[in-house]
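Q: I want to learn how to read a structure like this one. Can we go feature by feature?

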Amino acid sequence: MFPAEMLRQLTVSALCVCLVACEKESQVDRATREGILIMGNANDPKSLDLQVVTGVLDSNVMRSLFEGLVQFHPSDDLATPAGSALEVTPDETCTVWTVKLRQDAKWSDGHEVTAEDYAFAYERILTPDLAAKYAEMLYFVKGAEAFNKGETKDFSTVGLNIIDKWTFTMTLRGPTPYFRELLKHYTWYPVPKHVVLKHGTIGQIGNPWSKPANHVGNGPFRIKSYRRTDHIEVERNPYYWNAQNVPLNGIRFLPINNPYTEARMFRDGQIHVTYTAPAEVVDMMKKNHPSVLRQEPYFGTDLFRFNTTRKPMDDIKVRRALSMTLDRQALCENVYRGYVPPYGLTPPTRGYQPPADVKFDIAEAKKLFAEAGFPDGKGFPRLKLLVSSREAAATIGAATQAMWREHLGVEIEIEHKEWTAYLVAMQSLDFDICSGGWIGDYIDPLTFLEMWSPGNGNNNTGWVSQPFADKLAESFQLTDPSERYAKLKQAEQILLAEAPMAPVAWRSKNYLIHPSVKGWNPLLLDCHPYTSVRLVPRKKD
Amino acid sequence: MFKLLLSRFFQGLMTLFILVTLTFFLVRAMPGSPYTEEKAVPAHVLERMKAYTGLDKPLPTQYVRYLKNLIIHQDLGDLIKKDGVKVSEVIRDSFPVSLALGLASMSIALMVGIPAGVIAAVRKNTPVDFACLSFAMLGICLPSFVIGPLLAVFAGLRFESIHVAGWSSPTDWMLPAVTLGMINAAYLARLSRGGMLDVLNQDYIRTAKAKGVPGYKIIMRHALRGGLIPAVAFIGPAFASMISGSFVIETIFQVPGMGQHFVNAATDREFFLIQGLVLFYGFLIVAANLLADLAQIALNPRLR
C-alpha cells in the first residue's frame with residue numbers, strides 16, 4: 001500500500017511539474033490579467049487593527065482596508081483629495097475643524113460610516129487601557145494628551161463634538177494649518193464601533209475584532225485570506241463608496257523579509273512591486289534592466305547622533321567638525337546608491353526648504369578641531385561609532401571611519417550591535433556616536449524637528465536647547481503657512497548650527513516595478529492610493 | 001526494554017524542564033525587551049503594556065506564572081509584538097510547512113546520501129569513491145546560503161516550472177528541499193561510508209565471501225545492518241532539526257515555516273515565542289533521539 005501511495009504521489013508531482021512547465025504565463029502575468037497587484041511588503045503587519053500598528057509596512061496594508069477623511073493623491077504629495085469626508089474645513093484660526101462625512105460611505109459589512117464611528121475611534125485610540133503606541137498623533141486635539149495619559153477619565157474634555165450623524169468638529173490645541181496633511185495618517189482613520197464592541201470592549205488589548213474572520217473596514221478592499229509569513233490577500237470591497245472606480249480587483253501582500261529573495265522573485269515574474277532593492281540589485285538593474293528600477297525621493301533622513309553628554313562631544317566645535325568632514329556625496333553615490341546628499345535635516349518639499357547649513361569643508365573642520373584643542377586630531381580620544389546590524393549601517397560606518405581618519409586624523413572604533421541591543425544602547429545614551437535615521441509621519445518639517453525638543457523620547461542625544469524649543473513653540477501659534485515655515489526654518493537652523501546630529505543622506509526609495517503597473521508615481525511618503533493603481537497587460541509580441 | 005524506555009522518558013522530561021527554565025531566564029537576560037522600538041514608546045503606554053503581559057512583575061513571579069500556564073492550561077502564551085496571536089497558533093501554522101519540507105529533504109538526503117556512502121565504501125579508493133567523497137565534502141563545506149541562491153538562480157530563473165521562492169504552487173518545495181536535502185545527504189554519505197568500511201572488514205563478512213555469497217547479498221543482508229548504525233544515530237537529531245525548519249532556507253525561498261521564527265523571535269525579544277519554540281524543538285529532539293535509540297537497538301542485537 002505504502003509504495004503504491006508513494007508512486008501515486010510521485011506521479012502527481014511529476015504531472016504538476018509537466019503542467020506548470022507547459023504553462024508559459026508567469027504569476028505576474030496571470031495576476032495582471034486578473035487585476036490582482038502583487039506587492040512585496042517585508043514583513044507581516046503587527047495587527048489588522050489599525051489603532052495598534054505603527055510601521056510603514058503596516059500602513060501599506062491598512063490603506064487598502066481603511067480610508068480616512070482625506071486621501072493620498074496619486075501624484076501630488078501635498079494635495080488632500082476627499083476620502084470618506086466631503087469637507088474638512090477650518091475656522092479662521094485653523095483651530096476648530098468641521099468635518100462633513102459623505103453619506104454613502106459604508107463599512108465592508110454594509111453598515112454606514114458615521115460621525116459616531118470617528119468619535120469612537122478617537123476615544124478608543126486615546127483610551128489608556130488600549131496602550132496604543134501612536135496615540136500621540138492625536139495629541140493635536142485639545143485635551144487628548146491629558147485623557148490618554150490618564151489625567152482625566154472624562155472623554156468629554158477632549159475637543160471632539162458630534163453635531164449630527166454625518167457632521168462633527170474637532171477643536172485642536174492650537175492653530176494647525178497643516179491638519180489635513182495629518183489626517184492622511186492611519187491613526188486618524190475610523191474603526192467600526194459596532195464590530196469592535198461586538199467582539200470586546202473599547203480598551204481591550206488583543207480585541208478579536210481584527211482577526212481576519214471578524215475584520216471589517218471602510219477601505220476599497222477587504223480581507224480575503226491571511227496566512228502568516230506567507231501572504232495577505234485583499235479583494236474588492238463591494239460596499240466601498242467609490243467601488244466602481246477602483247481598477248484593481250485585489251492586492252496580495254507578500255511578507256518577503258530578504259530583499260535578495262524579493263529581487264529574485266521579481267526577476268522570476270512573481271511580484272509586481274518590490275518593497276526595496278538592495279545596493280547590488282540597484283547596480284545590476286541599472287545596467288541590465290533600467291526601465292524597471294525606480295529611485296525616488298523619500299521623506300527620510302539618515303543621520304549620526306552625537307552623545308552631547310559625553311566629552312568631547314559636548315563641544316559644538318567637535319560635533320561640527322565631524323559633521324563637516326563627512327563626504328556625503330561619496331557616501332550617497334558609493335554606499336547608499338541613489339540617496340541624496342543633504343544640505344539640511346528635513347528633506348525639501350514644495351512648501352519647505354531647509355536651511356543650507358550642512359556642508360563638506362575640510363579646512364573649516366580642521367580649524368574648528370584645533371580650536372577645540374585637537375590640532376590634527378592630537379589628543380582626541382578613541383571614540384566608538386555605534387551601528388546596528390541592519391542594512392548599510394556597517395558599510396557607512398567603515399566609510400565614515402576612513403573619512404575622519406583622513407581629514408581629521410582621528411581613530412574611531414566601530415561598535416556593531418544586534419538591532420534590539422543597538423536600540424537599548426541608543427535610547428540609554430550608551431554611545432559616543434550612533435548611526436540612525438528618521439522617517440517622517442506626515443509631510444511637514446515638524447515631524448523632523450519636534451523630536452529634538454527637550455524631553456522628547458526620540459531625541460537620544462542629550463541635547464537641550466531653549467531657543468530651539470521657543471522657536472517651535474512660536475510656530476505652533478502661526479496660521480500663515482509661509483510664516484510658520486520661516487519659524488520652523490529658524491528652529492532647524494539652530495539645530496544644524498549646534499549639530500547634536502549630523503545628517504548623512506536624504507533617503508531614496510529604491511525598488512523594482514513591473515511595466516504593467518500604472519498610476520504608481522513617486523511620492524515622498526511612499527503611500528500610494530491603491531484606488532489609482534491600474535494593471536495593464538503587456539501586448540503579446 | 002520497558003525499563004529503558006521509562007528511563008529515557010523521564011530523562012526527556014527532565015531535559016525539557018531544564019530547557020524551559022534556562023530559556024526563560026536567558027531570554028530575559030538579553031538587553032532590551034519586546035517593547036524596545038526605534039520610535040520610543042511613551043512611558044505611560046509602556047507601563048500599561050507591561051502590566052497586560054505580566055512583564056512588570058518580578059522574575060520569580062513571572063516564572064511561576066509561566067509554568068502554571070504551561071502545565072495546567074497548556075498555554076504557551078501570546079506574542080507580544082503581534083496583536084492577539086498565540087504562540088501555539090504560530091507553531092500550528094508553521095510546523096506543517098516545516099514538516100512537509102523536512103520530510104521531502106530527508107527523503108532526498110536518504111536516497112542520495114546512503115547509496116552514495118555505501119557505493120563509496122564498496123568501491124573504496126576508486127574514482128567512484130573519490131567522486132562520492134568530493135560530493136560529500138562539497139555539501140558539508142558549502143553553506144546553505146550559498147547553495148540556495150545558486151540553485152534559485154540556475155534552476156528557478158531558467159525553468160518556468162520552478163519558482164525561485166514562494167510556497168503556493170506544487171513545485172515550490174523542490175528547491176528548498178533539494179538544498180536542505182543535499183547538505184544532509186553529504187553528512188549521511190560520509191557516515192555510511194565510514195560505518196560500512198568498518199563492517200566490511202569484519203570476520204563474518206569475510207566468512208560470507210569465502211562461502212561464495214554474492215556481493216550484493218553480502219551488502220544488503222549482512223553489511224548494511226551494521227554499517228548504517230552511525231548514519232541512523234545521525235538521522236534522529238537531523239530529522240528533528242529538518243522538520244523544525246531552517247531560518248536560512250526559509251528566508252532564501254520564502255517558505256512560511258517555523259525556522260524563521262526562531263531567529264526573528266530572538267531579535268524581536270518575543271519572550272513567549274522563543275520559549276514556546278525552544279520547548280517544541282526540545283520535545284522533537286528528545287522524541288527523535290528516543291526513536292533513534294530504538295532503531296539502533298533493532299539494528300544491533302548487542303544493544304538489546
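A: Start with strand pairing. Two strands count as paired if DSSP finds at least two bridges between them. Keep in mind that this is a predicted model.

Q: How many bridges join β10 and β12 of chain A, and are the strands parallel or antiparallel?
A: Strand β10 (residues 383-388) and strand β12 (residues 433-439) of chain A are joined by 2 bridges. They run parallel. For a bridge to look at, take A:Leu385. Its bridge partner in β12(A) is A:Ile433.

Q: Which residues of α4(A) are buried?
A: The cut-off is 20 or more other C-beta atoms within 10 Å. In α4(A), the buried residues are A:Ala115, A:Asp117, A:Tyr118, A:Ala121, A:Tyr122, A:Arg124, A:Ile125 and A:Leu126. They pack against both strands and helices of chain A: β3 (96-101), β4 (160-164) and β5 (167-171), along with α5 (144-148) and α7 (193-199).

Q: What does the span test give for α1 of chain B?
A: Helix α1 (residues 2-29) of chain B has 28 residues. It reaches 41 Å from first C-alpha to last, close to the expected 40 Å. B:Val20, B:Phe24 and B:Val27 are buried in α1(B). The packing partners of its buried residues are α3 (59-71) and α13 (271-299) of chain B.

Q: How many helices and strands does chain B have?
A: Count the elements before looking at details. Chain B has 13 helices and 0 strands. Its C-alpha trace spans about 85 × 55 × 30 Å along the principal axes. Of its 304 residues, 41% count as buried. Now take the contacts in chain B with a separation of 6 or more: 74% of them join residues 24 or more positions apart.

Q: Where is B:Arg269 in chain B?
A: B:Arg269 lies in the loop between α12 (259-268) and α13 of chain B. Its phi is also positive, near 55°. B:Arg269 has 23 other C-beta atoms within 10 Å, so it is buried.

Q: Which peptide bond is cis, with omega near 0°?
A: The bond from A:Lys311 to A:Pro312 is cis. A:Pro312 belongs to the loop between β9 (293-306) and α10 (316-324) of chain A.

Q: How many residues are in contact between chain A and chain B?
A: Count each side separately. The contact involves 46 residues of chain A and 42 residues of chain B. On the chain A side, α1 (2-22), α8 (259-267) and α14 (419-427) each supply at least two residues. The largest share, 6 residues, comes from α14(A). By class, this side divides into 16 nonpolar, 15 polar and 15 charged residues.

Q: What domains does the assignment give for chain A?
A: Note that a domain can have several segments. Domain 1 takes 4-12 + 26-46 + 224-295 + 510-535, domain 2 takes 56-200, and domain 3 takes 298-508. The centres of domain 1 and domain 3 of chain A are 35 Å apart. Their contact takes 8 residues from each of the two domains. On the domain 1 side, helix α9 (residues 279-288) of chain A gives the most, with 3 residues. That side has 4 nonpolar, 2 polar and 2 charged residues.

Conventions: Residues numbered from 1 in each chain as written. Chains lettered and ligands numbered in written order. Predicted model: local features only at pLDDT ≥ 70, side-chain atom pairs only at ≥ 80, totals over all residues. Helix = DSSP H or I, 4+ residues; strand = E, 2+ residues; numbered from the N terminus. Expected span 1.5 Å × (residues − 1). Buried ≥ 20, exposed ≤ 12 C-beta atoms within 10 Å, placed from the backbone. Contact = placed C-beta atoms within 7 Å. Domains from an automatic or database assignment. Nonpolar A, V, L, I, M, F, W, Y, C, P; charged D, E, K, R; others polar.
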